[in-house]
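Thanks for coming. Please have a look at the chain on the screen, and I will go through a few parts of it.

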Amino acid sequence: MSPAVTGDARLYLACPLTGLGDDGRRQVRSDVAAVKRAVERATDIDRAEDEVWPVAVYAPIDHTAPWSDDSLSAHEVYRHNLREVHDSDGLIVLAEGGGSAGVGQELEWAIQLRIPVLYLTATGAASRQISGSPAFVSARIYNNDTETLEDHVKNFLRQWRPLILDGPARRESRKLRFEAITTRLRAAWQGCSNPTDVAAEARIDLQYMELALTDPRYVAVMATDTLLTLAHLLQVPLNALDPEPSFVLPVTMLRPLMAAAADEGWEDAVIDRLLHEGRAAVQRGTESGLTTISGWQRVRQSLG
């Protein structure tokens with residue numbers, strides 16, 4: 001499998017894969033190719049010379065199709081596609097034959113992440129439930145016409161270009177904002193003597209817990225009730241993450257802090273103290289050195 005693309009904006013191209021016959025596979029491959037052509041034309045070929053509009057496309061049909069010889073288990077496919085959606089800034093759905101359960105799951109992940117969605121149906125309108133979703137969902141019919149399909153994709157990209165291009169920064173910001181709470185929950189979970197009982201009381205599947213705590217972005221979209229219950233059972237104080245919740249350090253300071261913490265192996269208590277020192281520096285107007293890893297390392301050394 002290809003590694004996640006970093007830096008550029010990314011689109012996830014979903015389509016039904018399970019239970020397709022030969023004709024269905026050919027049609028899906030043809031439509032996937034049409035979408036990719038439209039993305040390339042809208043973001044590269046037709047752009048003005050001074051515009052920078054880099055977009056990568058990830059399509060599960062190229063990596064986890066059930067007819068491919070990838071030896072992946074069902075759990076591995078789920079985890080892989082979940083990660084790829086979280087690494088994306090827009091979703092395009094080819095709802096061939098009305099879609100599939102897997103496509104529906106990917107659609108819900110995208111709605112939780114608040115990324116724009118283009119839901120394409122070959123014939124007939126999308127279900128009213130999808131069209132009525134209170135999210136950035138555009139449902140379009142292309143009547144089995146490739147040119148119409150490509151036009152819908154290009155119009156979608158033009159409409160949502162600012163949000164898609166801002167996606168990588170928003171993904172990084174979400175990760176930074178939930179890094180501390182994820183670290184605390186993971187440490188408490190790993191040190192828990194009765195994880196099965198905790199999972200049962202919180203009504204959380206054990207495999208879900210192990211997956212969710214691997215990435216701050218999964219914790220970011222965790223149901224509020226689940227997060228509160230889990231923090232309570234593991235005795236992780238949510239209000240202790242930031243003693244001054246009204247004042248959050250800018251990403252330009254948080255990113256090098258988290259990088260330094262990872263490199264140096266700083267404990268949560270040290271990070272909390274450094275956050276306090278960073279806020280104090282901003283208030284004093286002496287924060288200029290805290291946009292680099294070395295700047296945070298110097299502050300850590302000064303604490304003794």
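In helix α2, the buried residues are H80, N81, L82, E84, V85 and H86. Buried here means under 20% relative accessible area, exposed means over 50%, and partly exposed is in between, with a 1.4 Å probe and protein chains only. These buried residues of α2 pack against β1 (9-14), β2 (55-58), α3 (101-113), α6 (167-177), α9 (206-212) and α10 (216-220). Contact means heavy atoms within 4.5 Å. Helices are DSSP runs of H or I with at least four residues, strands are runs of E with at least two, and both are numbered from the N terminus.

Before I go on: this is a predicted model, where local features need pLDDT of at least 70 and side-chain atom pairs count only at pLDDT 80 or more, while totals for chains, interfaces and linings use all residues. Residues are numbered from 1 along each chain as its sequence is written, and side-chain values use heavy atoms, with hydrogens and water left out.

Does the length of α2 agree or disagree with what its residue count should give? Helix α2 has 13 residues (74-86), which should span 18 Å at 1.5 Å a residue, and its end C-alpha atoms are 19 Å apart, so the two agree. The expected span is 1.5 Å times one less than the number of residues.

Now the whole chain. It has 14 helices and five strands, and its C-alpha trace spans about 65 × 55 × 35 Å along the principal axes. Of the 304 residues, 42% are buried. Among contacts with a separation of 6 or more, 71% are between residues 24 or more positions apart.

Next, a helix pair. Helix α12 (residues 251-264) and helix α14 (residues 293-303) pack at an angle of about 65°, with axes 8 Å apart. That makes α12 and α14 roughly perpendicular, a term that covers 65 to 115 degrees. From α12, the residues M253, P256, L257, A259, A260, D263 and E264 meet I293, W296 and Q297 of α14. By class, this contact has seven nonpolar, one polar and two charged residues.

Last, two loop residues. R114 lies in the loop between α3 and β4 (117-121), and R203 in the loop between α8 (195-202) and α9. Phi of R114 is near 60°, a positive value in a residue other than glycine, and phi of R203 is also near 60°. R114 counts as exposed because its relative accessibility is 54%; R203, at 81%, counts as exposed too.

Conventions:
Axes fitted to C-alpha atoms, helices over the stretch in contact; angles between N-to-C directions. Parallel < 35°, antiparallel > 145°, perpendicular 65-115°, else oblique. Nonpolar A, V, L, I, M, F, W, Y, C, P; charged D, E, K, R; others polar.
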